[in-house]
Amino acid sequence: MARPKIVVVGGGFAGAECLQRLERKLGPAEAELTLVTPTDYQLYLPLLPHVAAGVLTPQSVAVSLRRRLRRTRLVPGAAIGVDTAAKVCIVRKTTGELVDVPYDQLVLTAGSTTRTFDIPGLTEYALGMKTLAQAAYLRDHVIAQLDLAAVAEDPAERDARLRFVVVGGGYAGTETAACLQRLTTAAAKRYPRLDPSLIEWHLVDVAPKLLPELGENLGAKAMQMLRRRGVEFSLNTSVAAVEADSVTLTDGRVLPTRTLIWTAGVAASPLVHTLSTETMRGRLVTTAELTVPGVEGVFAAGDAAAVPDLAAGGGAITPPTAQHAQRQGKALAHNVAARLRGGLLRPYRHRDLGLVVDLGGKDAVSKPLGVELSGVPAQAVARGYHVMALPTVTARTRVLVNWALNATAGDDFVRTGFQAGRPARLQDFEETNAFLTSEELKQRYEEE
Ligand SMILES: Cc1cc2nc3c(=O)[nH]c(=O)nc-3n(C[C@H](O)[C@H](O)[C@H](O)COP(=O)(O)OP(=O)(O)OC[C@H]3O[C@@H](n4cnc5c(N)ncnc54)[C@H](O)[C@@H]3O)c2cc1C
């Protein structure tokens, strides 16, 4: 008899965790496991700012899926549509070829992409921080600005190249600004022709406070630490327009710059819209058991899904964090196996453990289990948390060794140049326009 086909889309925090546990829970004769994934690694996103800053090598945060998953079949490509009636996932392989991947149980864990708004110039010029390639690109780009500023004849060009604007005062934007600011401060010592006081970092957010996830006190502490390092804040402010050489803020100021880093939130993978089921804030609505109502055999979790937050109550959905995605992966494995064996599905419930925010060096703020910490104790908690959360011993060792190497030998601030000349818009890195519409999906099956 053919084995039931379990297909997981996306090998991130939720997907990889789910499959690793399914491999243990189910015997090889019980189900065929398939993962559709554009990369053969799970990206440990919380340490991406360290990659951009050169504190960690890109390989340190790319956790091998083939080391983690021993008998799952990996299909190298991206799902671009799901036909829930035919129970088929349409995949564009990395070669461009389209293939149908049939399923009995489908698990959608395709994560999220950078959220953008209808701001003139934004999608053309903003740089994101969501993929490994973006982090590596950003590092090269920032170092290139220092290289070019050092030889600029025109003071206006020099000043613009030394001005960096980050939008988004959540943990991703704050950590990115903090880590890259440390990079430029340290690198400036290698440029005798550059006056380091000309380097400017601006952090812009439409909200009135920094790091709202951590509460007023820690947000203010983080601001204090970064202000001491020269970072300028524009809160209650957004971006009105972006051009190749400037950013206009909503308060009317025009900041000449060649660097706009955009980290103003995330949007669920566009894949969720190919299902024609209910969404909430753009995320696929699920039950507390992580099933998608109205379609048979489909589960979803992580950033792509709107999962009821039973611990918070009041109709809340779980925030898009690695902490929830990984634990939802565990719950998915239980429920998918239960569905196969006719067992009971369990609701997902997890009380938030708090957040850690690494601002580089001895600067950090964190709130483990509600306890507010800042400075060295917060940094110890942040680094300890990441080491424990990395999914393999190899990845933990690689990160620890790289941190130690960076702390002792420092950085050489070299540009790799691997991605020089490539189109660098958000959609070029995140491939947000590769999906089928529901009409295209319908047509595809009518034609067959
Ligand atoms: C800079 C940064 C810092 C962060 N720091 C923290 C932190 O400190 N703490 C915290 O809890 N969270 C943090 N987060 C958020 C956290 O990383 C996400 O919430 C988490 O990764 C979500 O897990 P996921 O499994 O839903 O998606 P992901 O881990 O993003 O995995 C999704 C996977 O799906 C793949 N995929 C995408 N589209 C397709 C497709 N069409 N077909 C097949 N595969 C696809 C992707 O390649 C990826 O491998 C941070 C995020 C960023 C960007």
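Predicted model: local features only at pLDDT ≥ 70, side-chain atom pairs only at ≥ 80, totals over all residues.
- Domain 1 puts 25 residues into the contact, and domain 2 puts in 29 residues.
- On the domain 1 side, at least two residues each come from strand S3 (41-43), helix H2 (48-52), strand S4 (62-64), helix H3 (65-68) and strand S9 (112-114).
- H2 gives the largest share of that side, with 5 residues.
- By class, the domain 1 side that touches domain 2 has 15 nonpolar, 8 polar and 2 charged residues.

**Overall build**
- The protein has 13 helices and 24 strands.
- Its radius of gyration is 22 Å, close to the 22 Å the globule rule gives for 448 residues, so the protein is as compact as a globular protein of that length.
- The C-alpha trace spans about 75 × 50 × 40 Å along its principal axes.
- Of the 448 residues, 48% count as buried.
- Looking at contacts between residues at least 6 apart in sequence, 69% join residues at least 24 apart.

**Helices H1 and H9**
- The axes of H1 (residues 13-25) and H9 (residues 322-341) come within 7 Å and cross at roughly 35°, and the crossing is right-handed.
- H1 residues including Phe13, Cys18 and Leu22 meet a set in H9 that includes Leu332, Ala333 and Val336.
- This H1 and H9 contact counts 11 nonpolar, 4 polar and 4 charged residues.

Key
Residues numbered from 1 in each chain as written. Helix = DSSP H or I, 4+ residues; strand = E, 2+ residues; numbered from the N terminus. Rg over C-alpha atoms; globule rule 2.2 N^0.38 Å. Buried ≥ 20, exposed ≤ 12 C-beta atoms within 10 Å, placed from the backbone. Contact = placed C-beta atoms within 7 Å. Axes fitted to C-alpha atoms, helices over the stretch in contact; angles between N-to-C directions. Left-handed = near helix turned anticlockwise from the far one by under 90°. Nonpolar A, V, L, I, M, F, W, Y, C, P; charged D, E, K, R; others polar.
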